[in-house]
Amino acid sequence: MARSRATSRPSPVSLLLAALAVAVLVSACAADPEPVQDFCVAAVSKGGDDEPTFPGFPCKPESTVVSDDFFFAGLSRSGAAAAKDSPFGSAVTPGNVQAFPGLNTLGVSINRVDLAPGGVNPLHSHPRSAELVHVIAGEMLVGFISTAGKFYSKVVGEGESFVIPRGLVHFQYNAGGNSTARAVTVFNSQLPGVVLAAPSLFGAEPEIPDAVLAKSFQVDGEIIKLLKSKFQN
């Protein structure tokens, strides 16, 4: 005698929950939204204080876009002289969307880092991007600190690369003795942002209270005043 098999059908509620779960998963895995045009050259005013809105700056009218909008020569200029004059011994030439409007909505940018002998691109982080450091001259000690407090570093030579995960505090230091060092740094953001550790803490406006910094660093308030004097305008 044949047995009748009961067919279970998903309820409308379970189907809705499954659809919501898929939508959440897709939104969590997606990066920047898919472009709906070939390009969106940023309409950035020269020397202005333009601020992007998601997913970028407003687009120039396509009828006004020219080939030079997709070209950038800024990284060809040496930053060695500026690095020599810098108190940190470093100079960073940005190639982000504010300098290179053709990058708008493309999710990529590039910088040039010049380090004088003994120079350092000081402790900083990029809240919106990972960073790939590719050394093209000299040697650099490149390192970052994880959220677990572990320090990862490597002396990176010419033609070698080192990757820094998004948002972690890191630096580049000229480890080549009396030689200058140069690198290009590539980001998966058109505007990665930068938070310089020491200037942010000791040169913030308005000031972070001395008591907060002294307690945080477990030092005397006079040391905090000295550090602030180095970074306040």
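Visitor: Where is Pro 206 found?

Guide: This is a predicted model, in which local features need pLDDT of at least 70, side-chain atom pairs count only at pLDDT 80 or more, and totals for chains, interfaces and linings use all residues. Residues are numbered from 1 along each chain as its sequence is written, and side-chain values use heavy atoms, with hydrogens and water left out. Helices (H or I, at least four residues) and strands (E, at least two) are DSSP runs, numbered from the N terminus. On that basis, Pro 206 is found in the loop between α3 (197–202) and α4 (210–217).

Visitor: What is omega for the peptide bond from Glu 205 to Pro 206?

Guide: Pro 206 belongs to the loop between α3 and α4. The peptide bond that reaches Pro 206 from Glu 205 is cis, with omega near -10°.

Visitor: Is Gln 218 buried or exposed?

Guide: Gln 218 is in the loop between α4 and α5 (221–231), and its phi is positive, near 55°, in a residue other than glycine. Buried means under 20% relative accessible area, exposed over 50%, and partly exposed in between (1.4 Å probe, protein chains only). Because its relative accessible area is 64%, Gln 218 is exposed.

Visitor: Why does Thr 105 count as partly exposed?

Guide: Thr 105 lies in the loop between β1 (90–95) and β2 (109–115). Its phi is also positive, near 70°, in a residue other than glycine. Thr 105 counts as partly exposed because its relative accessibility is 23%.
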